[in-house]
Amino acid sequence: MASADHAAAMSRVDRGPSNFPAYRDRYRTIRMDRTDGILEVHFHTDGGPLQWSLLAHHEFEDAFLEIGRDRDNDVVILTGTGEAFSGPAIEPGKHPNRRTMTPESYDPIQWEGRQLLPNLLAIEAPVIAAINGPAVRHAEIPLVSDIVLASADTYFQDTAHFPGGMVPGDGMHVVMPLLMGPTRGRYFLFTGQKLAAAEARDIGLVNEVLPREELLPRARELAELLLRQPRLVRRYSRTVLTEELRQRLHGLLGYGLALEGLARMKTT
């Protein structure tokens with residue numbers, strides 16, 4: 001009887017087949033293609049390099065959730081479009097959302113911010129980043145991948161937060177000091193340092209630096225290599241290797257977003 005009850009319970013929680021077609025074309029800033037379990041996620045704005053916006057902020061949070069729920073995604077490749085991974089750069093002190101927010105207008109932004117990186121890290125399939133050019137907005141997104149490839153002309157910079165007049169509280173305050181080391185990470189965030197791909201490789205942010213035309217072929221080659229391991233080995237390895245960062249975000253992400261929000265409020 002217990003066995004029959006267990007079988008009935010399992011049938012009720014079975015998610016059934018993948019619903020990839022339901023979310024593949026949902027997003028204006030993300031193009032997705034999947035072949036033999038390898039999901040390629042291309043970030044873009046109108047078919048060109050991603051121009052970071054509140055729309056992208058909204059869509060990334062939802063897309064990472066959907067990708068993580070789809071157990072037919074065996075390996076995920078994140079990449080950009082064209083000659084840059086993410087922009088545009090913000091001029092010093094000129095972030096357009098600086099001192100413009102009310103609690104009501106900031107609320108959906110901080111809610112999405114509390115989910116965006118956790119949803120990305122909750123994807124149990126291994127994630128490979130193929131960074132195809134400068135990443136001057138939200139470089140933390142590709143840099144938390146399990147394998148990080150970058151084109152030779154890539155550089156990393158956080159132009160939107162402290163240099164732009166904002167608190168780096170939406171995950172940058174956790175990710176960059178953890179990946180770079182506390183002293184390097186704080187310097188990067190406070191000064192708006194432009195970090196070239198080769199230097200990023202030397203300090204451990206990037207695994208391989210390649211010509212741009214070799215970037216996606218190398219990412220696909222590595223994805224095929226990962227697929228040689230059993231499915232549960234892949235998924236559980238990803239889970240255990242991201243646990244420390246997920247725990248840090250759980251304790252510090254909401255706090256950072258709250259401080260960022262306070263500094264974004266309108267002043268009288």
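A residue counts here as buried when its relative accessible area is under 20%, as exposed when it is over 50%, and as partly exposed in between, with a 1.4 Å probe and protein chains only. The structure is a predicted model, in which local features need pLDDT of at least 70 and side-chain atom pairs count only at pLDDT 80 or more, while totals for chains, interfaces and linings use all residues. Residues are numbered from 1 along each chain as its sequence is written, and side-chain values use heavy atoms, with hydrogens and water left out.

Helices and strands are DSSP runs numbered from the N terminus, a helix (H or I) having at least four residues and a strand (E) at least two. Five of its five residues are buried, so β7 is largely enclosed by the rest of the structure. I147, L149 and S151 point one way from the strand, and V148 and A150 point the other way. Strands pair if DSSP finds at least two bridges between them. Strand β6 (residues 127-131) runs parallel to β7, with four bridges between the two, and I128 is opposite I147 of β7. Strand β10 (residues 208-210) is also parallel to β7 and is joined to it by three bridges; there, V209 is the bridge partner of A150.

Helix α3 covers residues 54-69. From first C-alpha to last, its 16 residues reach 23 Å, close to the expected 22 Å, a span found as 1.5 Å times one less than the number of residues. Among its buried residues are A56, H57, F60, E61 and F64.

Rings of Phe, Tyr and Trp (the six-membered ring for Trp) pair if their centres lie within 6.5 Å; planes under 30 degrees apart are stacked, over 60 edge-to-face, and the rest tilted. The structure holds six such aromatic pairs. One of them is F20 with Y23, edge-to-face at 5.3 Å between centres and 80° between planes. These two residues are three apart in helix α2 (residues 20-24), which means about one helical turn separates them. F20 is buried at 7% relative accessible area, and Y23 is buried at 2%. The pair F60 and F64 is likewise edge-to-face, because the centres are 5.8 Å apart and the planes are at 65°. F60 and F64 lie four residues apart in α3, about one helical turn. Ring pairs also link F60 and F64 with F43, W52 and F85 in a cluster.

Charged side chains come next. A salt bridge is a side-chain nitrogen of Lys or Arg within 4 Å of a carboxyl oxygen of Asp or Glu. The count of salt bridges is 16. E244 and R248 form one at 3.0 Å, N to O. They are four residues apart in helix α11 (residues 243-264), so about one helical turn lies between them. E244 is partly exposed at 47%, as is R248 at 38%. D25 and R24 meet in another salt bridge, at 3.5 Å; D25 is exposed at 61% relative accessibility, whereas R24 is partly exposed at 31%. R26, D62 and E66 are linked in a salt-bridge network.

E61, in helix α3, is buried yet has no salt bridge, and its nearest side chain of opposite charge is R69, 8.4 Å away. Lys and Arg count as positive and Asp and Glu as negative, with His and the chain ends not counted. Leaving aside residues up to four places away in sequence, E61 touches W111, E112, Q115, L116 and N119, where contact means heavy atoms within 4.5 Å.
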